Amino acid sequence: MLEEFEGTVFGHRDGHGFVQRDDGAADIYLPPNEMRAVLHRDRVKARVVRFDKKGRPEGRVVEIMERSNQPIIGRLLQESGVWLVAPEDKRYGQDVLIPKGATGRASTGQVVVVELTEPPSLYGQPVGRIKEVLGEVDDPGMEIEIAVRKYGVPHEFSEACLALARGLPDKVRPQDKKDRVDLTDVALVTIDGEDARDFDDAVYCEPAKVGRGKGWRLLVAIADVSHYVETGSAIDIDAYDRATSVYFPRRVIPMLPEKLSNGLCSLNPDVERLCMVCDMLITASGEIHAYQFYPAVMHSHARFTYTEVAAILANTRGPEAAKRKERVPDLINLHDVYGALLKSRRVRGAVDFETTETQIVCDDSGRIEKIIPRIRNDAHKLIEEAMLAANVCSADFILQSKHPGLFRVHEGPTPEKKDILRNYLKATGVGLTITDNPKPGEFQAIAEATKERPDAQQIHSMLLRSMQQAIYTPINSGHFGLAFEAYTHFTSPIRRYPDLLVHRVIKAILLKRRYQLPVLPTPGEAHAKLARRLATRVREPSQKLELKTKPTPDQQAWEAAGLHCSANERRADEASRDVEAWLKCKYMREHLGEEYGGVVTAATGFGLFVTLDAMYVEGLVHITELGGEYFRFDEARQELRGERTGIRYAIGSRVRIQVSRVDLDGRKIDFRLVRDSEDVLPRSPKETTKSPMQNFKAAVKKAFTKTNDKSGKPSVKKSGGVKSKSRRSR
């Protein structure tokens, strides 16, 4: 009997699909006829029946174990008197039939949410009823309404949660201050972006004697969300379900009700607020000499923006500094401790690549006005280093206390990714490589050694891609990228549930108690999917929990909480990226046919991904649009190379494109290459071969040049004749 495998079906817009096996082995390809009876995200048992020419397994579905309960979002259409919904997510592959009495109040063309009443079969389409009408496709914010339902993001608080929030006080009460350190006279300040609405961290720094030398006392005060959100309460259940706030252009879906996120727990200036404080002594070399945690009451003495602080630090006698005269010495102290922490970062060898993050600026109707780069100045980096220091102390405090908690773990590269990176570094002649058990400093050394190379962006991109994603787990195995032996998240409990759990654990340790996780609902799909993926991907942690017997319910609960928070972090990222991609597609529809310069950001076997210079929008130049020759993908160099001309396209190559097609439903933008010249297409001087026509042109040019030179007349080069294309070595 042929072996059967369990897994999840993932559809493709072209009608076929694949089964992602639970055991992490190669995906099983499903042809269109096998996809008729299943839908995207169904759980199935499949059997491999043959292998294709490339050795890939092709399968047959033998049992549908569980139908996906995800609602289907799409547009209601009427064709020949029949109502149907065309799914917005093309991976579903089939339209959903809607009986006449099941259309509700929806009208033709509107975006609706469908609940399936009959699954598809080999000989019949799926049938459903309209559960919710979202509105017209061009309504402002429609892309967000679609995304939150498409990815299952909880976007409405329960009535019990809202009722509990309404019953909270409007300000800090006298009884709330009991057993807290009074820091209201300490000049703590918040430093955030111009558009920030909630402020969950405040900082203060002053010079201090550390041991026998000079140093600083650094206070990081974080909003005490745990004081108001009790374990197992209605607010806690909703917060756990969300696990994180989700950020979209012009809209945030918060983890906590607004009364908490923008009110009681926001460290607004000149009002009393409850906080948890990490009070640190930092040496001149940036080492954390000592720390302590305690609950406190504070009020922010100023609300600064990153831009404002950067301007003050750049000119401490300038107009910006004059407006904030009282706070300038404190900001200088903060900048000094930042310089010391930066030294420590370099000694550790923490990875620090400069990448470009973008911000989408929309008008009132939700249309993109422009896409601009986010500039990270010293104020951003100052706050970042202060938060990192507090997070490290939190992890150390939990470890030293031997109390379970959630760590932020970032593993080193997998063996496969190490091999790909080594081959790439060798192929591009970098002269440095990584060891079998690489340290973060090796990556940073390569980044530093190559930062002046013309292909630096390409190399740094490959270094980043070789690393894994960070996760939340109760088993500490360090943070590879930041080069910390232990790291956790303490500094954002307003928007991240793991931080709220860390606060509760720290409070329990201070009170010499043990924090018990509540029995909270765990949504199945995201949790199970990430658990299966991590089971095959994450290497053995360097520090295992010593379990002589079966894991206790408490240990299992912490593991589940980590998986849940990690999975929902991914979910939030995917939903945000989906909305940004939709907005960019809609934006680029207005620029069809226009030409732009850009940079290749990825090379694949099917084409090049190019990011436009001025717009920061990425699109695909399909391999068929690269010209009339055969291109081969070089995996080691991560580039496409023309067999006839030797022309090469790699990450960092400059190109000029034309916007040729925009697929709003598929979130795809297609480009066409419109020009190849020395400023856009790097070539290899040794491997380029000329076509017969190029050889003919070169011979004519050579003969004509000689004739002109003998006669004393201007040569071709000066008279504007045929000019050969110069080649640039990569």
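**Helix packing and sheet pairing in a predicted chain**

In helix H2, residues Glu143, Ile144, Ala147 and Lys150 meet Ala575, Asp578, Val579, Trp582 and Leu583 of helix H16, a contact being heavy atoms within 4.5 Å. H2 spans residues 142-150, and the two axes come within 9 Å and cross at roughly 150 degrees. Axes here are lines fitted to C-alpha atoms, for helices over the stretch in contact, with angles from 0 to 180 degrees between N-to-C directions. The crossing of H2 and H16 is right-handed; by convention, a crossing is left-handed if the near helix is turned anticlockwise from the far one by less than a right angle, and right-handed if clockwise.

The model is a predicted one, in which local features need pLDDT of at least 70 and side-chain atom pairs count only at pLDDT 80 or more, while totals for chains, interfaces and linings use all residues. Residues are numbered from 1 along each chain as its sequence is written, and side-chain values use heavy atoms, with hydrogens and water left out.

The protein chain holds 18 helices and 31 strands; helices (H or I, at least four residues) and strands (E, at least two) are DSSP runs, numbered from the N terminus. Of its 730 residues, 51% are buried, where buried means under 20% relative accessible area, exposed over 50%, and partly exposed in between (1.4 Å probe, protein chains only). Among contacts with a separation of 6 or more, 66% involve residues 24 or more positions apart.

Confidence can be followed along the chain through pLDDT, the predictor's confidence in each residue, from 0 to 100. The mean is 85, and 88% of the residues reach 70 or more. Helix H14 (residues 497-510) has the highest confidence, at 98, and helix H18 (residues 716-719) the lowest, at a mean of 33. Residues 533-548 have pLDDT below 50, and this stretch makes 24 contacts in the model beyond near neighbours in sequence. Residues 706-730 also fall below 50, with 34 such contacts. Where pLDDT is low, the predicted coordinates should not be read in detail.

Returning to H16 (residues 553-588), this helix contains Asp554. Asp554 is buried, with a relative accessible area of 13%. Leaving aside residues up to four places away in sequence, Asp554 touches Pro404, Arg514, Gln516 and Leu517.

Helix H7 (residues 306-314) has Tyr306, Glu308, Val309 and Ile312 as its buried residues. They lie on the same side of H7 because they cover an arc of only 165 degrees around the axis, the arc being that of the directions from the helix axis to the C-beta atoms. Their cover includes strands E12 (190-192) and E19 (303-305), together with helices H8 (319-323), H9 (328-348) and H10 (378-400).

H10 also lies across strands E13, E14 (213-223), E17 and E18, running at about 105 degrees to E18. An open sheet of five strands has the order E11-E18-E17-E14-E13, with mixed pairing; two strands pair if DSSP finds at least two bridges between them. Its edge strands, E11 (181-182) and E13 (201-210), each pair on one side only. E17 (residues 272-283) and E18 (residues 288-299) are antiparallel, with eleven bridges, and Arg273 has Met298 in E18 as its bridge partner.

Strand E9 (residues 111-118) runs antiparallel to strand E6 (residues 72-79), to which four bridges join it. E9 also pairs in the antiparallel sense with strand E10 (residues 127-135), over seven bridges. Val113 stands opposite Ile73 and also opposite Glu132 in E10.
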